[in-house]
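User: I'd like to learn how to read a few features of a protein model. Could we work through them one at a time?

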Amino acid sequence: MKYEAVTWRRDKVVMLDQRRLPTEEIYVKCDGPGEVAEAIRNMTIRGAPAIGVAAAMGIALGAMKLRVKSVGRFKEEFEGICRMMMETRPTAANLSWAVQRMETVVRGHEGEGLDELRRFLKSEAMAIREMDIEVNRRIGHNGKRYIRNGSAILTHCNAGALATAGYGTALGVIRAAHEEGKDLEVYACETRPRFQGARLTAWELDKEGIPVTLITDGMSGYLMSKGVIHMVIVGADRISANGDVANKIGTYSLAILAKAHGIPFYVAAPLSTFDLSLGTGDEIPIEERDSREVTHPFGTQIAPEGVRVWNPAFDVTPQQYVTAIITERGVAQEPFEASLRDLFS
Ligand code: MRU
């Protein structure tokens, strides 16, 4: 792959600026944890696993840059940096998962000096990044069997290499089937209001020669009714213990449509996206974003001045609409509570 969503270079966290794709491929260099947090908030980097990786790197960078003389002071400042990362975006479970891993490093090395703590934190952030790529490859391996030769696959938002450290979750499954030589085509929903499908998924697939057709979000039902779509695969931002799935706004509508048309609906996600402390999807916090994303796409006003807007960034698909959840450890299916308990045991 000739691009990287997030990486570490010469003590900087470097990100491909996803706000400027597909027209410009520009990398942003973050010099400190505040810049990383802002990049997550303003969606320079986005996608649940990529957010987790970026936060871990931002924390490692922050630890390196702290000008403190005692371990006690270091720990106080470190906790502040972790809190700042946690406050960037509320829905993706991978964020708290990654932050907790970084906190565990410090907690697990009682008695170590400042240099050692900094070193351990940097290598943990690198390990989180490497692990994410490996996990996505395994998700791809576990999911490719669901894609039959000649399939037309609908996907929503971007759950690809751009949304992860590399390879992708939903697009990882598609990539794995494509690499195996299966004939397939992808229908990408444009994904209003931020157009991750149009700007990112179409770019990513096109770059690799995977056939992709872009549609507006409202077209999916018609395509299904015409028998054009054979399956749906999406990623996830947080999955509760019963298998309810929070993902990009519009996912729920696709799941209902898929059910109505007898089309399988798959979710591909790493174990780090699960939040087993939540019984159902009702408990998942849903981010609400600026109304200007809806009224002023790309800075152009398309709605009357002052119109009332509601802009939830995610929705929750109840598990009864999910055919299977593909993870790196295996595939969860109905009954999801038991199936997920097995996967995590
Ligand atoms: O708001 P975004 O672009 O961060 O939303 C991303 C999604 O909803 C993805 O589908 C999800 O994070 C899975 S990415 C592998």
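User: Let's take salt bridges. How far apart are the N and O atoms where the side chains of Arg73 and Glu77 meet?

Analyst: Happy to start there. This is a predicted model, and in it the side chains of Arg73 and Glu77 form a salt bridge with an N to O distance of 2.8 Å. Then check accessibility. Arg73 has a relative accessibility of 38% and therefore counts as partly exposed, and Glu77, at 29%, counts as partly exposed too.

User: Which residue forms a salt bridge with Arg138, and how should I read that pair?

Analyst: Arg138 meets Glu134, at 3.4 Å from N to O. Arg138 is partly exposed at 40% relative accessibility, and Glu134 is partly exposed at 39%.

User: What about Arg129, is it buried or exposed?

Analyst: Arg129 is buried, with a relative accessible area of 8%. The side chain of Arg129 meets that of Glu130 in a salt bridge of 3.2 Å, N to O. Glu130 is partly exposed, at 46%.

User: How many salt bridges does the model have by this rule?

Analyst: The count comes to 25. When you go through them, watch for residues that link up: Arg89, Arg194, Glu287, Arg289 and Glu293 are joined in a network of salt bridges.

User: Now the interior. What is the general idea behind a nonpolar core?

Analyst: In soluble globular proteins, nonpolar side chains tend to be buried together. Here the largest nonpolar core has 43 residues, and those with the most contacts inside it are Val13, Met15, Val36, Phe74 and Met102. Strands E1 (6-9) and E2 (12-16) each give two or more residues to this core, as do helices H1 (33-41), H2 (48-65), H3 (71-86), H4 (93-107) and H5 (114-143). H2 supplies the largest share, twelve residues.

User: Which residues is Met15 in contact with?

Analyst: Leaving aside neighbours within four places in sequence, the contacts of Met15 include Ala5, Val6, Ile26, Val28, Val36, Ile45 and Ala54. There is also a second, separate core of 28 residues, with Ala258, Phe265, Leu271 and Phe274 among them.

User: How is the chain divided into domains?

Analyst: The assignment gives domain 1 (6-137) and domain 2 (142-344). Their C-alpha centres lie 25 Å apart, and 29 residues of domain 1 are in contact with 32 residues of domain 2.

User: And how do I describe the size of the interface?

Analyst: The size of an interface is often given as the accessible area lost when the parts come together. Between domain 1 and domain 2 the buried area is about 2600 Å², with carbon and sulfur atoms giving 53% of it. On the side of domain 1, Arg46, Thr91 and Asn136 lose the most area to domain 2, together 23% of what that side buries.

User: How many salt bridges and polar contacts are there between the two domains?

Analyst: The rule finds two salt bridges across the interface, and 18 residue pairs are in polar contact between the domains. On the side of domain 1 that touches domain 2, H2, H4 and H5 each give two or more residues. H5 provides the largest share of that side, six residues.

Key. Residues are numbered from 1 along each chain as its sequence is written. This is a predicted model: local features need pLDDT of at least 70, side-chain atom pairs count only at pLDDT 80 or more; totals for chains, interfaces and linings use all residues. Side-chain values use heavy atoms; hydrogens and water are left out. A nonpolar core is a set of buried Ala, Val, Leu, Ile, Met, Phe, Trp, Tyr and Cys residues joined through side-chain atoms within 4.5 Å. Buried means under 20% relative accessible area, exposed over 50%, partly exposed in between (1.4 Å probe, protein chains only). Helices (H or I, at least four residues) and strands (E, at least two) are DSSP runs, numbered from the N terminus. Contact means heavy atoms within 4.5 Å. A salt bridge is a side-chain nitrogen of Lys or Arg within 4 Å of a carboxyl oxygen of Asp or Glu. Domain bounds come from an automatic or database domain assignment. Buried area is the accessible area (1.4 Å probe) that two parts lose on being put together, summed over both. A polar contact is a pair of N or O atoms within 3.5 Å; within protein, one must be able to donate a hydrogen and the other to accept it, and residues adjacent in sequence count only if both atoms are side-chain atoms.
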